[in-house]
Amino acid sequence: MTFVFVSNYINHHQIPLCEALYRELGGDFTFIQTMPMEQERVDMGWGVDVHGLPYVQCLYEAEYECLKKIAESDAVMFGWTGREDLAASRLQSGKTTLRVSERIYREGQWKAVSPRGLIAKYKDHIRYRKQNVCMLCAGAYAASDFHLIGAYPDKLFRWGYFTALRTYGEEELAHMKPCDGPLHIVWAGRFIPLKHPEYMVRLAKTLRDKGYRFRIHMLGDGELEPQIRQETEQSGLRQYFRFYGYTAPEQVRDVMEKCHIHIFTSNYLEGWGAVVNEGMNSGCVEVVNAQTGAAPYLIRHGYNGLVYPDDRYDKMEELVTGLFDHWEERKGMGRRAYETIRDMWNAEHAAQELLRFTAGLLQGGIVPAKEGPLSAAPPVRPGNMYQAMLDGRI
């Protein structure tokens, strides 16, 4: 099978999957990068030497060769490319095609009533509903968006981002985190409004006032970082915080390995949230806003992590203080989080499922996985998602 993955650019969130596909297919796998990475992303440490990766070709350097591969390969998977014409030409040919997308109505499904927007969605998605094309939903809320407009009927499947996998022996995992002293909490991301770094200052005030022993590790930088630092000083909380500034992905993982709890406070604008994968892989007990795309796919509430509804700080605080009060009974969620990533939501497993699924498409059939990547994606409405998670319906 020849398989092509087309996306805007390769980065550390895509490399593990691409490496796994390359191990399976060798020279029959190609990643086509459609544009150079923006300087802002390069400055954030996302830059990759594309010429050092044997499976990467750049559309802007060898357009004819790349277009030929898109047209002739057995299967092509399109992420966001900035070049919808690339997908359109492939789809019009009727050949086996996969698409990957986060939400298309992040700011609200009311936007689906826009005539102009529906025309665009018809052109890009709806008109291909009977073609040999499936949508891989990179986030649990994407399925509802596409279902709402009648695109990809019975062809919506779970997908996501697959970060670098770290594996640990039983003893190593059991002793990786401090067994006594304060509980260590990690927050990682850009200091921007949608990620709510200010929630950690509010949380620290509560934990201090209740007399809990804790440390909070803040990894990342951004426009709100000076303000957050100042608030910790003014509130007399500085001793409980460590600010790392910009932190390379490998160092983020090193810090997570030593922390007991990972808190992810991004709101509904977060399409996936790859640091949730990383926190789970590091054996942290996750406390995650259910509005983020990764949460419904990765977390079973109360089993391998905890979710709170509707971006509500009070519910998040309640879950965290509950962990402090019942740590010995609940810390096992961290081990089960690790097992979820090790056994199911990792690049190697995703690549194998992707190739199995694609082989079925080439034979004219759709055989979903029973669970995890490439299992059917239920189109749960955003307002019902949290309750669906509590009920085990997602």
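In this predicted model, strand β12, spanning residues 285–289, has five of its five residues buried, and it is therefore largely enclosed by the rest of the structure. Side chains in a regular strand alternate between the two faces of the sheet. In β12, V285, V287 and N289 point one way, while E286 and V288 point the other way, and all of them are buried.

Two neighbouring strands accompany β12. With strand β11 (residues 261–264), β12 pairs in the parallel sense over four bridges, and here I263 stands opposite V287.

Attention now turns to helix α9, which covers residues 225–234 and has E225, I228 and T232 as its buried residues. These residues lie on the same side of α9 because they cover an arc of only 65° around the axis. Such a pattern can be read against helix geometry: an α-helix has 3.6 residues a turn, so residues three or four places apart point the same way. The cover over the buried residues of α9 includes α8 (198–209) and β10 (241–245). On the face turned away from the buried side, α9 carries the exposed residues P226 and Q234. After α9 comes G236, a residue with a positive phi near 70°.

Key: Residues numbered from 1 in each chain as written. Predicted model: local features only at pLDDT ≥ 70, side-chain atom pairs only at ≥ 80, totals over all residues. Heavy atoms only, no water. Buried < 20%, exposed > 50% of the residue type's maximum accessible area, 1.4 Å probe, protein only. Arc of directions from axis to C-beta. Contact = heavy atoms within 4.5 Å. Pairing = 2+ DSSP bridges.
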